[in-house]
Amino acid sequence: MLIKRILLQFFIIHVLLSYAFSQKKVTKLSEVEIHTLIKNTGQALQKYYVFPEKANVMNEYLHSRHKSGSYNRLNSIKELTDLVQQDLQKICPDPHLHIFYDPKMAVQLEKSSSTKDQENGINATRAFPKINFDLVFTKLELLHSNMVYLRLDDFSNFVSAAKPALNATFKWLRNCDILFIDLRYNSGGSPEMVSQLESYFFKEKTRMNDIVDRIQNKTIEMYADPLMADSIHVDMPVYILTSKNTFSAAEDFSYGMQTSKRAIIIGETTGGGAHPTEVFSVGQGFVTAIPYARSYNNITKTDWEGTGVIPDVPVPSEEALLQARKLAFNYLSNQVSNERQKRMLQWRLNDLSIGLKTPDNILRQFAGNYSGLDFFVREGEFYCKNAGRGDNIFKLRHVKDTIFVLDEGVQIQFEKDSRGEYSMLKMLWSDGEISEKSKW
């Protein structure tokens with residue numbers, strides 16, 4: 001099955017680039033041309049919009065506004081499209097619904113329509129032949145403790161072209177312990193690419209988010225299918241990072257992975273766009289982006305339109321990766337029985353912690369010379385002069401309780417003696433080793 005779509009983010013960018021050029025050719029429409037635009041737009045909505053009842057209301061409202069003369073008093077095409085856009089959103093707030101002026105794209109769509117391609121979705125490879133989707137991921141990075149960070153900024157329409165790179169990536173990922181997928185900057189894309197990516201995460205064919213398609217007048221069941229992934233399977237825990245800008249296909253992926261309990265969502269509630277969208281010419285150089293389908297999850301019996309995907313762990317988007325790494329270290333620590341490995345993981349977790357602001361009287365409890373490590377308080381900060389490193393002075397970061405980060409390789413944990421005084425410390429090394437020093 002192939003449902004051809006042009007991604008919203010592409011035509012929005014395209015419109016911004018081409019708009020100035022197009023305005024030089026046509027600056028204002030006649031009353032007859034405006035009437036034609038309103039009539040054609042209303043008909044397109046009634047024919048394609050995912051909710052027929054809402055389409056009828058929008059059509060009636062556009063005609064009433066035109067009849068009142070609201071569109072005839074405008075001085076430019078931009079003012080016209082802006083007002084029509086506002087009126088559509090007033091009746092039916094839908095972030096996928098757009099109208100814009102792009103004669104070049106309109107001609108292309110009209111040519112496709114003559115061969116009935118427009119009814120089934122225009123071929124994005126023809127519309128955007130120069131876009132390169134060979135690089136599927138924006139960033140792929142191996143972090144500490146065999147964790148991998150993968151940033152994905154869109155879901156490419158060119159699944160077949162991208163598949164060799166996907167297969168190679170997921171073969172490598174099979175040896176990793178944790179995967180972070182960053183969708184905080186992803187505004188959407190192709191449902192087919194969503195299914196392709198999901199397929200690497202499931203051993204059995206699993207039903208995900210269906211598409212209720214008005215153009216084809218049927219419900220298209222979407223699956224994560226190991227056969228689509230050439231039986232390449234990854235089974236590590238997955239943490240998906242989201243923001244308010246995560247949208248459309250990125251929400252599709254997040255929602256499907258969340259409801260199937262294959263990933264934990266961390267970050268902000270997403271944008272709330274669950275309606276696949278197509279572009280249609282409405283004549284005279286005008287183009288409309290119309291949501292022609294809606295998503296449907298067989299588990300929740302709904303989708304995320306207007307509500308967004310609600311994160312399992314809500315945090316500001318800029319803190320999502322840090323929070324995900326903390327959860328991952330806790331998870332891994334619970335999975336290992338070797339005490340040294342546990343200490344290594346705890347060390348990394350401590351190192352991620354933001355320094356606490358600690359009162360002077362608390363810090364002074366730990367002050368003193370511990371076998372060449374001289375700890376002291378100055379202007380509200382805690383320092384250590386290390387005789388073993390040329391009397392270099394290091395500023396400590398208070399992590400929690402009696403634990404401080406000293407430098408890139410060691411953390412300090414102060415210990416009390418039988419009298420209740422801090423008289424020794426443990427040096428917690430990044431490799432899990434522990435050494436002790438007594439207070440002089």
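Modeller: Before the questions, one term: two residues are in contact when heavy atoms lie within 4.5 Å. The model is a predicted one.

Colleague: Which residues in α9 does α8 meet?

Modeller: Helix α8 covers residues 159–173, and helix α9 covers residues 191–198. From α8, the residues taking part are Val159, Ala162, Lys163, Leu166 and Phe170. By class, this contact has six nonpolar, one polar and two charged residues. On the α9 side, the residues met are Glu192, Met193, Gln196 and Leu197.

Colleague: Are α8 and α9 roughly parallel or roughly antiparallel to each other?

Modeller: The two helices pack with their axes 11 Å apart, at an angle of about 25°. Angles under 35 degrees count as roughly parallel. Therefore α8 and α9 are roughly parallel.

Colleague: Is Leu373 buried or exposed?

Modeller: Leu373 belongs to strand β16, residues 373–378. Its relative accessible area is 3%, and the cut-off for buried is under 20%. Leu373 is therefore buried.

Colleague: What percentage of the residues of the chain count as buried?

Modeller: The chain has 13 helices and 23 strands. Of its 440 residues, the share that counts as buried is 51%.

How values were computed:
Residues numbered from 1 in each chain as written. Predicted model: local features only at pLDDT ≥ 70, side-chain atom pairs only at ≥ 80, totals over all residues. Heavy atoms only, no water. Helix = DSSP H or I, 4+ residues; strand = E, 2+ residues; numbered from the N terminus. Buried < 20%, exposed > 50% of the residue type's maximum accessible area, 1.4 Å probe, protein only. Axes fitted to C-alpha atoms, helices over the stretch in contact; angles between N-to-C directions. Parallel < 35°, antiparallel > 145°, perpendicular 65-115°, else oblique. Nonpolar A, V, L, I, M, F, W, Y, C, P; charged D, E, K, R; others polar.
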